[in-house]
Amino acid sequence: MPDNNRGVFSLIIINKAGGLIYQREFQSGLRQLSTNDYLVLAGTFHGVHAITRSITPKIPISQPAPSPATSSPSTTAPAPSSYSYPNPGVPVSGLDYLETDKFRLTCFQTLTGTKFLLFTDPLTGNVDTIIQKIYELYADFVMKNPFYQIEMPVRCEAFDRHLGAWLRGRT
Amino acid sequence: MSSTKTTRIGEETRVDKVNAELVTLTYGTIVAQLCQDYDSNYQDVNKQLDKMGYNIGMRLIEDFLAKSGVGRCANFRETADMIAKVGFKIFLNVTPTVTNWTSDNTQFSLIFEDNPLADFVELPDDGRAQDELWFSNILCGVLRGSLEMVQMQIEAHFVSDVLRGDDTTEMRVSLVRYIEDEMPPEEE
Amino acid sequence: MAGPPRHATMQSISNGSTLQSGDRPQAQPSQQQLSQQSPGLRVPSNRKTIYDRHLNRSRNTELSRASFAFLFGEMVTYAQRRVTGIQDLEKRLNEQGYPLGLRLLDLLFYRSTSTSSSALSSSSTSSSPPNRPLRIITLLHLIHGPLWRLLFGRAADALEHSVSPDTPNEYMITDNDPMVNTYISAPRDMSMLNCAAYVAGIIEGVCDGCGFETKVSAHNQPTELWPSRTVFLVRFGDSVMEREKVLERAGIK
């Protein structure tokens with residue numbers, strides 16, 4: 001994929017607690033936000049994401065049915081609820097993307113609660129594929145690095161290198 | 001998710017490989033080092049192996065999710081299937097049998113036909129190791145660490161091991177609770 | 001060189017049928033006989049013991065590289081908590097690799113006798129087992145080729161002799177991209193660290209197992225193309241160098 005980085009502006013990774021653990025621009029000369037702005041952005045997005053989950057509409061149903069989305073164990077089945085999420089087969093997500101005329105912010109939250117935020121051109125395609133690949137690189141070069149401490153800022157030279165190289169289309 | 005579909009994910013997930021003997025011997029040297037560091041106090045060795053596994057599990061789960069692409073399980077039975085047919089398949093190339101469920105579906109056993117970690121292993125003939133050491137105890141920690149990261153608190157321990165002279169190698173896994181912190185509130 | 005404490009534990013907790021299986025009697029003892037042999041160890045009734053399964057069973061089998069990375073990473077983390085400083089950490093990793101070297105050496109020899117096409121470079125008549133390397137260069141070729149292929153699926157990238165007249169006992173084995181370091185980024189304040197000290201320990205075990213007193217260390221020698229290029233510096237002891245001269249004069253290869 002030679003043109004992966006066309007339209008990919010930057011990446012942010014947010015830990016489970018809403019802390020900024022990684023931030024990187026992929027285009028030289030991109031105007032940078034201050035570190036503080038990035039921290040605020042991470043925290044704010046984390047909060048809004050949680051809110052969008054909690055305000056997901058619930059529709060009344062006649063029969064209480066266990067919702068797969070909440071993955072409740074059968075032993076501690078929730079108190080019979082007369083509400084269900086629309087389309088109960090699909091897990092409740094939070095905010096998936098924000099879009100303006102100028103850019104698109106796509107959020108991918110892993111099942112462990114880590115968030116990958118990718119800033120792209122609104123016309124950039126295959127954003128999901130790009131984020132999936134970034135997640136794989138993260139699993140390889142961050143999670144398998146014994147010197148990385150979980151939930152802490154990511155400072156892994158091999159991750160930076162492979163991420164940059166892949167986005168430049170060189171593997 | 002259907003059981004056959006789970007099997008297919010386990011078989012089709014792309015896995016980078018390395019010589020199996022390097023993995024086996026590396027695990028062996030870790031356990032041997034612990035036995036030395038803890039003066040062959042095997043209870044302490046078991047504990048330390050579980051702790052190391054827990055540390056691994058918290059990291060390994062991301063690799064599992066990123067490479068397999070699976071989503072959240074609907075219930076604990078599905079989780080058990082996922083552990084056996086996808087987790088163990090991609091990380092150890094074995095598929096333990098899931099069996100001995102309790103009626104409330106919160107406890108099951110994993111029976112290992114093969115265990116690459118214990119290949120070519122014989123426990124020390126000191127009259128204690130076969131009664132006290134759980135050689136593959138790191139696997140219990142791995143399950144505990146991985147599942148905790150996806151909001152399941154579990155307890156896992158070995159109940160038998162061919163290295164101890166038992167006829168099977170069996171791990172017992174119990175669901176303690178679902179950790180709901182990350183979940184939206186059930187009710188107003 | 002290898003003091004007893006170094007691998008005493010590994011001999012008892014053995015991934016160590018490698019040490020025994022080769023010369024074990026062919027007759028299959030019954031379970032009772034087996035328990036008489038080692039009264040303390042119980043064996044499963046289905047006889048899944050190391051003596052009942054072929055040593056070459058795992059030959060050419062593969063496992064997830066991720067599993068290796070996680071185990072190795074945890075070994076590094078655990079070692080790090082018990083040491084002060086980079087040298088200490090590398091020493092510990094070296095010590096953890098050492099017993100693998102002893103075992104792998106036996107495994108290499110065993111397999112080269114049990115198959116017709118010998119992977120080893122040693123000269124062997126059809127019936128006699130391959131000679132263990134007697135000369136430094138034979139030993140180093142064994143490491144550079146067969147050992148590396150067994151462990152990493154390919155030969156090492158270079159083998160060189162020190163050009164300095166002051167250090168004729170020094171040899172360098174280069175790996176452009178050591179598998180064990182694939183996922184590891186050392187923090188900036190530990191930039192000297194090379195976790196392939198584990199592999200250096202393996203090499204040291206192989207050399208020691210062959211009767212070559214050696215010190216092996218792993219050093220970062222990055223190039224632009226190979227950022228984790230590693231040079232294993234093999235330094236043979238005086239006794240080895242003296243013997244080498246005698247063998248040279250005797251015309252032994």
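I looked up the pairing of strand 4 with strand 5 (residues 169–178) in chain B of this predicted model: the two run antiparallel and are joined by 8 bridges. I took strands (E, at least two residues) and helices (H or I, at least four) as DSSP runs numbered from the N terminus, and strands as paired if DSSP finds at least two bridges between them.

I next turned to the interface, where 46 residues of chain B are in contact with 42 residues of chain C; contact requires C-beta atoms, placed from the backbone, within 7 Å. I noted that helix 2 of chain B gives the most to this side of chain B, with 16 residues. Strand 1 (17–19), helix 3 (42–68) and helix 4 of chain B are among the elements that each supply at least two residues.

I also recorded that strand 1 of chain B pairs with strand 1 (residues 62–64) of chain C, antiparallel, over 3 bridges. In that strand of chain C, C:E62 stands opposite B:N19.

For reference, residues are numbered from 1 along each chain as its sequence is written, while chains are lettered from A and ligands numbered from 1 in the order written. As the model is predicted, local features need pLDDT of at least 70 and side-chain atom pairs count only at pLDDT 80 or more, whereas totals for chains, interfaces and linings use all residues.

Notes. Two residues are in contact if their C-beta atoms, placed from the backbone, lie within 7 Å.
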